[in-house]
Amino acid sequence: MKRLLPIAFLALFHQAAAAQELFVFTEPASNMPAKSIGIRMNNWLLNQGHDHPLSYRFLPEVMWGANKNLMLHAEGFLSNRNGYLTGDGFGLYGKYRFYTADQVNRHFRMAAFGRVSLNASPIRQEEIDLTCQNSGYAIGWVATQLLHRQAFSTSISFVQATDNGGGNKFPAAATDKAIDVSLSTGRLILPKEYRNYRQVNVNFLLEVLGQHIIGSDKMYIDLAPAVQFIINSQTRIDLGYKYELYSNMSRTAPNGFLIRIEHNLFNIL
Amino acid sequence: MKQLLMLLSILLITIHPLVASIPAGTGGRIESVSLQASGLTCSMCSRAIYKSLLKVSSVKKVEEDIKNSTYTIFFKDQAKVVLDDLKRAVKNAGFSVAAIEVNARFDHTEIAAGAPLHVDDLTFTLTGPLPPAIEGRQRLILLGKDLQPSGGDGEKIYHATLKQ
């Protein structure tokens, strides 16, 4: 069944009429416009197994287009690991677009990105997750190709975990370095033809997310399909599901839903 | 006296066409600028460009054609039109400029290849097959690498052709 799922999703995307690069689980090489602000509410609902309650993680995020090439994010990490919503830490993310080849209705772009996270939760898994579980930093590269209604993107990054805050040391038996990779595609399904900014856009997106722990044979591969609605050309609603295809490392909650609401304020600064 | 009046009449009839027309290269007035952006397809990206163009101080109104990534820009009365400001607005939104067309209205104006043609505060030189004179609404299509003018720090001269 696990082998059939990716084939089924690829077939679905192959037949779909039209996608974009506003990926749900990764970032494209493009940035948000300069002098603009975006606000995101990321809601993760993750399955921790039969004997554990659903893990809820709430990541409020503010995005800022500093200039046409540089954008910055600041995000908070909150979870219900104590039975109620607790602040676990925060992170900063920056992306610099250094290559642009634009043509009408298409582009190829490349960007470098970095992330720094501080987290005070206990470390209970081998997976290194700077978006909600680990303190550390990451640096990476992303390339995105947009071809009319279809977009493709790939990224690779080096991830270094450090001790978490609150006396939560990184486990001595685990490895604190990893390589993250991603492959993403998206397709604009609706509208068939643009007439105005009020038309609802519907995008289907499919992403493959992987991590390899350096110096070991530990790795995981996730499949993450999503549907995205863009309302009034300004507000995004993303509904995604992350599903573990393969893993030989310990992960507390690999499968679950991401529900995101994003609102962009263009040129307000 | 009768001879003097006749002489004045002949003189007026003779110079009338010259008074009615604008000498060669004097130019026209910008009615709008059409700009095509590149590197986007979605309406969110298009709206970002639309909002960025509206922020340019000389811009009064922008009409968008999302399907073709094209924006028709109208300007405030007496505003100085600076094409670089429009290009910068598109780039700040994260995209590039593929084409610019200046829509201008001319009185009878004689033109020639390579001769400067003034349109409000902008100066053009035209290439391509040209009529000896233009009149009424005309569309000037910018040419050249990145649609950049020549002239450096001096007077900027845009290279263009007439859209027939």
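In this predicted model, the element that contributes most to the lining of the largest cavity is strand 1 of chain A, residues 37-47, which supplies 4 residues. When the lining of the largest cavity is divided by class, 18 residues are nonpolar, 12 are polar and 13 are charged.

The second largest cavity has a volume of about 400 Å³. Its lining comprises 30 residues, and the ones nearest the centre are Leu22(A), Ser30(A), Asn31(A), Met32(A) and Cys45(B). Two or more residues of this lining come from each of strand 5 (106-119) and strand 12 (255-265) of chain A, and likewise from helix 2 (43-54) of chain B. Helix 2 of chain B provides the largest share, with 3 residues. By class, the lining of the second largest cavity consists of 16 nonpolar, 8 polar and 6 charged residues.

The strands of chain A named above belong to a closed barrel of 12 strands, which follow one another in the order 1-2-3-4-5-6-7-8-9-10-11-12 with antiparallel pairing. On average, and with direction ignored, neighbouring strands of this sheet are turned by 20 degrees against each other. Strand 1 of chain A is joined to strand 12 of chain A by 11 bridges in the antiparallel sense, and within this pairing Asn43(A) stands opposite Ile259(A) of strand 12. Strand 1 of chain A also pairs with strand 2 of chain A (residues 55-65), again antiparallel, over 10 bridges, and here Gly38(A) has Met63(A) of strand 2 as its bridge partner.

The peptide bond joining Leu190(A) and Pro191(A) is cis, with omega at about 0 degrees, and Pro191(A) is placed in the loop between strand 8 (177-190) and strand 9 (201-213) of chain A. Ser233(A), a residue other than glycine, has a positive phi near 55 degrees, and Ser233(A) is found in the loop between strand 10 (219-231) and strand 11 (235-247) of chain A.

In chain B, helix 2, which gives 3 residues to the lining of the second largest cavity, packs with helix 3 (residues 83-92) of the chain at an angle of about 140 degrees, the two axes lying 8 Å apart. The crossing of helix 2 of chain B past helix 3 of chain B is right-handed. On the side of helix 2 of chain B the contact is made by Ile49(B), Ser52(B) and Leu53(B), while helix 3 of chain B contributes Leu86(B), Ala89(B), Val90(B) and Asn92(B). The contact between these two helices of chain B contains 5 nonpolar and 2 polar residues, and no charged residues.

Definitions and conventions:
Residues numbered from 1 in each chain as written. Chains lettered and ligands numbered in written order. Predicted model: local features only at pLDDT ≥ 70, side-chain atom pairs only at ≥ 80, totals over all residues. Heavy atoms only, no water. Nonpolar A, V, L, I, M, F, W, Y, C, P; charged D, E, K, R; others polar. 1 Å grid on protein atoms, 1.4 Å probe; cavity = no way out; pocket = protein on both sides within 12 Å on 5 of 7 lines; lining within 4 Å. Points joined across faces, edges and corners; volume = space filled by probe spheres on them. Pairing = 2+ DSSP bridges. Axes fitted to C-alpha atoms, helices over the stretch in contact; angles between N-to-C directions. Left-handed = near helix turned anticlockwise from the far one by under 90°. Contact = heavy atoms within 4.5 Å.
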